[in-house]
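Please look over the sequence and the model shown below.

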Amino acid sequence: MGSRIKRWIETDTGHRVPNHKSMCSNMHGHRYRWEAELEGDIITETGVSDEGMVMDFSDVSKILTTYIHDMVDHAFIVYEGDEEAIRALSHMSDNHRTFVVPFIPTAENLAKWAFDVVEEQISSVYGNDLKLYAFHVRETPKSWASWYGE
Ligand SMILES: [Zn+2]
């Protein structure tokens, strides 16, 4: 129980779903939205910058920027088992942004990955039971996936 806040960032990122029955097996990209949802008590410590907040939005944004945006923006996310795409990407120059992951980069799997990455960066400085509640990934305006913590 407590209050929940959300903050998102966006990236332009390529991927493909190798064994998809239709169009998604083609290399393509999305304007992804990466949204963290945090839960905690409202900080009551008087006089601190975060008083009245669950967590400062700008601090959430910094984590999302460093650990999500700077990793996958204008990058191509590829499954390590996708030999065909790995082979194709190996022909790109060394400065091509290829981001290899151990899972098929669907919105569902990306939401779980982002949850784990961001959760590691969340710490409750004020003892307000702060935690990452969920991570939501928007692949298209009509398509979202969410991962919820334990
Ligand atoms: Zn796609």
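Leaving aside neighbours within four places in sequence, which residues is W113 in contact with? The model is a predicted one, in which local features need pLDDT of at least 70 and side-chain atom pairs count only at pLDDT 80 or more, while totals for chains, interfaces and linings use all residues. Residues are numbered from 1 along each chain as its sequence is written, and side-chain values use heavy atoms, with hydrogens and water left out. With contact taken as heavy atoms within 4.5 Å, W113 is in contact with W34, Y67, I68, V72, F99 and F103, its neighbours within four places in sequence being set aside.

The protein chain has three helices and six strands, where helices (H or I, at least four residues) and strands (E, at least two) are DSSP runs numbered from the N terminus. Read from the N terminus on, the order of elements is β-β-α-β-α-β-α-β-β, and the C-alpha trace spans about 55 × 30 × 25 Å along its principal axes. Of the 150 residues in the chain, 41% count as buried; buried means under 20% relative accessible area, exposed over 50%, and partly exposed in between (1.4 Å probe, protein chains only).

**The α1 and α3 pair**

Two packed helices are described by the angle between their axes and the distance between the axes. For α1 and α3 the angle is about 135° and the axes are 9 Å apart, the axes being lines fitted to C-alpha atoms over the stretch in contact, with angles running from 0 to 180 degrees between N-to-C directions. The two helices are therefore oblique to each other, since angles under 35 degrees count as roughly parallel, over 145 as roughly antiparallel, 65 to 115 as roughly perpendicular and the rest as oblique. Where they meet, α1 brings I63, L64, Y67, I68 and V72 against W113, A114, V117 and V118 of α3.

**Individual residues**

| Residue | Relative accessibility |
|---|---|
| N128 | 4%, buried |
| D12 | 28%, partly exposed |
| H74 | 57%, exposed |
| D129 | 60%, exposed |

N128 lies in the loop between α3 (107-119) and β5 (131-140), and its side chain is joined to that of S124 by a polar contact of 2.9 Å. A polar contact is a pair of N or O atoms within 3.5 Å; within protein, one must be able to donate a hydrogen and the other to accept it, and residues adjacent in sequence count only if both atoms are side-chain atoms. Not counting residues up to four places away in sequence, N128 touches G40, D41, I43, M53 and V54. D129, which is placed in the loop between α3 and β5, has a positive phi of about 55° although it is not a glycine.

D12 belongs to strand β1, and a polar contact of 2.9 Å joins its side chain to that of R31. Residues up to four places away in sequence not being counted, D12 touches H30, R31, V72, D73, H74 and A75. H74 is found in the loop between α1 and β3 (75-79), and its phi is near 50°, a positive value in a residue other than glycine.
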